[in-house]
Amino acid sequence: MIRRHIVALRLSLMAADAVTAFLVFVGLSVVRFGPDWVRTWESAEVHAVGAALAYGIAWPALLWLSGLYRLRSRWSLRAQLADILRAGGLLAVLSFAVLFLLKLPDVSRLFLLALFPTQVAVTLVSRFILRRIFASMRTRGYNTRFLLVVGTSPSAVAFADRVERHPDLGLRVIGHLGLPPTAAWAGRRPVLGTVDEIEDILHNRVVDEVAICLPANSLHLVEPITRLCEEEGKIVRLPLDDVGLPIAGGRLEEFDGVPVLSFVYGPDRALGMLAKRLLDFTVAAVALIALSPVFLAIAVWIRAVDGPGVFFRQSRIGLHGRPFRVAKFRTMVRDAEARLVELEELNEIRGHAFKVTNDPRLSRTGRWLRRTSLDELPQLWNVLLGEMSLVGPRPPLPREVASYNVSHRRRLSMKPGITGLWQVTARREQDFDRWVEIDLDYIDRWSLWLDLKIMLRTIPAMVLHEGR
């Protein structure tokens, strides 16, 4: 199975099963023994909450042993019911064995007889609902990743069909690339161009992953396509159903019964990246609430001193080319964008970025907000929405990305951040290529610990007014 796309689903199912098991145990205890259910369990020499927690852990463990957290090629209610019933029977045998070994004859047998069928029914319903919620969220585009399929052969179509049979994975096939000359195509997905045009497609469309499904006589194209994707930070999937020998490198996985060789460039620590997103969401939500008085004070000050227009929104480019609108407190006069051309000769950055230390377009409040980096605080909303991260590469402008070369584009393989490694190590650096080098170093050795260190180093930079 393609690991990184199933981790969130597995963890959600395990958490839901653990919580529902705990609630079923407590709920049936209240129904069977009344409000004094804790005292009733204690009279049977059983710690009530401890037993509920142990039950909540044992149930998902047995489901895991029964293979209920593996993705099936066809998820059917009947197959799920059979596996859950098997796990429920095993839980019943295990529970009675524990009671026998611990010599606890006073535990209500009527409670146990009600517990196991109730657990089976609740688990079946909750898992069905959770999968429906996942599929609905993915269908609506939440956290969707886009897959480009290189090839138009029957095996390429079959692989794309397999992907689309699993909407809860969050992978959406955007189309195919054909071999020149492009033949007539009767498929239901679009052919976006030929293999020769892959670089333009990667630059003009949002592409997170590339599946190479070429016939044997075109395998010489695999290496240059893979190298291009590596330079841009794209994940490459190579189904091996039609390939005799695996190509060196990569990680062998399984997807829907088909072996897939995966080439992942940059961080693929699935649990770590999930933890990064949870940290982003939690910190952003708490900070937006806790700093609301600061937001209000800054907004009132900007409105009073610099006039209307408290916030400034601008198009930026995010993960793998996704456009989004970044939010900041307004630090410039209203016609700042129109005056950019007349200031280009004052640009202090060598390369594809723009920065002027004593920018004449700064408003009275803006200069102070820039120095303290307080103008960046509204980007917490972008982090909450998942468009940005707390830590990551600087979010570039569309005109900057348009002039990137291939090596620069790997900066887009991670979500942009409010702060980043270059902000705390080379904030005064004036060479854009050096910025890219630092960002790529961050991507290559990313860890949660590195993020935490960067966030801690950002605070003194704000206090010491090191912003520009």
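Arg 322 and Asp 208 form a salt bridge, with their closest N and O atoms 2.6 Å apart. Arg 322 lies in the loop between β8 and β9 (323-329), and Asp 208 lies in the loop between α7 and β4 (209-212), so this pair ties together parts that are 114 residues apart in sequence. Both residues, Arg 322 and Asp 208, are buried. The model is predicted.

A second salt bridge joins Lys 276 to Asp 451. Here the closest N and O atoms are 2.5 Å apart. Lys 276 belongs to helix α9 (residues 270-290) and Asp 451 to helix α17 (residues 448-463), so the pair ties together parts 175 residues apart in sequence. Lys 276 and Asp 451 are both buried.

Side chains of opposite charge can pair when their charged atoms come close. In this model, the count comes to 17 salt bridges. One of them is formed by the side chains of Asp 161 and Arg 188, at 3.0 Å from N to O. This pair links distant parts of the chain. Asp 161 sits in helix α6 (residues 154-164). Arg 188 sits in the loop between β2 (171-178) and β3. The two residues are 27 residues apart.

How exposed are the two partners? Asp 161 has a relative accessible area of 23%, so it counts as partly exposed. Arg 188 counts as exposed because its relative accessibility is 63%. The pair also belongs to a network of salt bridges, in which Asp 161, Glu 164, Arg 188 and Arg 189 are linked.

Negative charge also gathers on the surface. Which residues form the negative patch? The patch consists of Asp 196, Glu 197, Glu 199, Asp 200, Glu 230 and Glu 231. Two helices, α7 (198-204) and α8 (222-232), each supply at least two residues of this patch. Glu 197 is found in the loop between β3 (191-194) and α7. Glu 197 has a relative accessible area of 36%, and is therefore partly exposed.

Polar contacts were examined next. Gln 314 is placed in strand β8 (residues 311-317). Its relative accessible area is 13%, so Gln 314 is buried. The side chain of Gln 314 makes a polar contact with the side chain of Arg 316, at 2.8 Å.

Arg 409 provides another case. Arg 409 has its place in the loop between α14 (398-402) and β11 (417-419). Is this residue buried or exposed? Arg 409 is buried, because its relative accessible area is 7%, and the cut-off for buried is under 20%. The side chain of Arg 409 makes a polar contact with the side chain of His 203, at 3.4 Å.

Helix α12 spans residues 364-372. Which of its residues are buried? They are Thr 365, Gly 366, Leu 369, Arg 370 and Thr 372.

Note on methods:
Residues are numbered from 1 along each chain as its sequence is written. This is a predicted model: local features need pLDDT of at least 70, side-chain atom pairs count only at pLDDT 80 or more; totals for chains, interfaces and linings use all residues. Side-chain values use heavy atoms; hydrogens and water are left out. Patches are made of residues with over 30% relative accessible area and no salt bridge: like charges are joined within 9 Å, nonpolar side chains (Val, Leu, Ile, Met, Phe, Trp, Tyr) within 5 Å. Accessible areas come from the Shrake-Rupley method with a 1.4 Å probe; for residues, only the protein chains shown count as cover. A salt bridge is a side-chain nitrogen of Lys or Arg within 4 Å of a carboxyl oxygen of Asp or Glu. Lys and Arg count as positive and Asp and Glu as negative; His and the chain ends are not counted. The place of a charge is taken as NZ of Lys, CZ of Arg, CG of Asp or CD of Glu. Helices (H or I, at least four residues) and strands (E, at least two) are DSSP runs, numbered from the N terminus. Buried means under 20% relative accessible area, exposed over 50%, partly exposed in between (1.4 Å probe, protein chains only). A polar contact is a pair of N or O atoms within 3.5 Å; within protein, one must be able to donate a hydrogen and the other to accept it, and residues adjacent in sequence count only if both atoms are side-chain atoms.
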